[in-house]
Amino acid sequence: DLLLQLTYRVDRAPAAAVLFGMAGTDGKGLVDATQLFGGTIGQWRTVKVPLKCFQKEGLDVGKVVTPLEIRTVGPFGLTIADVRLATDPADAICPRTAG
């Protein structure tokens, strides 16, 4: 099972819900990941999310057009150091669904 691994630092807490994931040609595949971006400001973190979490939201992994999408409607500051596909499932999480 593949995972989307993201190493990031929150520079400003999100003021609204944050959707995160991979998107296919139909735009499906995002999960509500607001809780991932809360907590301590300025601390580096790494999260691993199994691709099957995005598939539950309708992502067809054979039709990915946006390999990383982070969407919100309010102020939010984020620095990304690394994004990759990973295979080590240790500490992987599946954020709650967007719907």
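**Charges and rings in a predicted chain**

Me: Asp11: buried, exposed or partly exposed?
Reply: Asp11 is partly exposed, because its relative accessible area is 35%. Keep in mind that this is a predicted model.

Me: Which side chain meets Asp11 in a salt bridge?
Reply: Arg9 does. The N to O distance is 2.6 Å.

Me: And how does Arg9 count, buried or partly exposed?
Reply: Partly exposed. Its relative accessibility is 24%, and the cut-off for buried is under 20%.

Me: Why would those two side chains pair up at all?
Reply: Side chains of opposite charge can pair when their charged atoms come close.

Me: How many salt bridges does a search of the whole structure find?
Reply: Four.

Me: What does Lys48 form a salt bridge with?
Reply: Asp88. The closest N and O atoms are 3.6 Å apart.

Me: Where do Lys48 and Asp88 lie?
Reply: Lys48 is in strand S4, residues 44-50. Asp88 is in the segment after strand S6, which covers 77-86. They are 40 residues apart in sequence, so the pair ties together those separate parts.

Me: Is Lys48 buried or exposed?
Reply: Buried, because its relative accessibility is 12%. Asp88 counts as partly exposed, at 44%.

Me: Which residue does Asp82 form a salt bridge with?
Reply: Arg84, with the closest N and O atoms 2.6 Å apart. Asp82 is partly exposed at 23% relative accessibility. Arg84 is partly exposed too, with a relative accessible area of 44%.

Me: New topic. How many aromatic pairs does the search find?
Reply: Four. One of them is Tyr8 with Phe37, and it is edge-to-face.

Me: What are the centre to centre distance and the angle between the planes for Tyr8 and Phe37?
Reply: The centres are 5.1 Å apart, and the planes make 65 degrees. The angle counts as edge-to-face because it is over 60.

Me: Where do the two residues sit in the chain?
Reply: Tyr8 is in strand S1, residues 3-12. Phe37 is in the loop between strand S3 (30-32) and S4. They are 29 residues apart, and the pair links distant parts of the chain.

Me: Are Tyr8 and Phe37 buried or exposed?
Reply: Buried. Tyr8 has a relative accessible area of 3%, and Phe37 is at 0% relative accessibility.

Me: What about Phe20 and Phe54?
Reply: They form an edge-to-face pair as well, 5.9 Å centre to centre with 65 degrees between the planes. Phe20 is in strand S2 (residues 19-24) and Phe54 in helix H1 (residues 51-55), 34 residues apart. Both are buried.

Me: Which residues do the ring pairs link into a cluster?
Reply: Tyr8, Phe20, Phe37, Phe54 and Phe76.

Me: Zoom out. How many helices and strands does the chain have?
Reply: One helix and six strands. From the N terminus on, they run β-β-β-β-α-β-β.

Me: How compact is the chain?
Reply: As compact as a globular protein of that length, because its radius of gyration is 13 Å, close to the 13 Å that the globule rule gives for 99 residues. The C-alpha trace spans about 35 × 30 × 20 Å along its principal axes.

Me: What share of the residues is buried?
Reply: Buried residues make up 35% of the 99.

Me: And what share of the contacts with a separation of 6 or more comes from residues 24 or more positions apart?
Reply: 82%.

Me: Last one. How much accessible surface is there?
Reply: About 5,300 Å². Carbon and sulfur atoms account for 51% of that surface.

Conventions. Residues are numbered from 1 along each chain as its sequence is written. This is a predicted model: local features need pLDDT of at least 70, side-chain atom pairs count only at pLDDT 80 or more; totals for chains, interfaces and linings use all residues. Side-chain values use heavy atoms; hydrogens and water are left out. Buried means under 20% relative accessible area, exposed over 50%, partly exposed in between (1.4 Å probe, protein chains only). Helices (H or I, at least four residues) and strands (E, at least two) are DSSP runs, numbered from the N terminus. Rings of Phe, Tyr and Trp (its six-membered ring) pair if their centres lie within 6.5 Å; planes under 30 degrees apart count as stacked, over 60 as edge-to-face and the rest as tilted. The radius of gyration is taken over C-alpha atoms; the globule rule is 2.2 Å times the number of residues to the power 0.38. Contact means heavy atoms within 4.5 Å. Accessible areas come from the Shrake-Rupley method with a 1.4 Å probe; for residues, only the protein chains shown count as cover.
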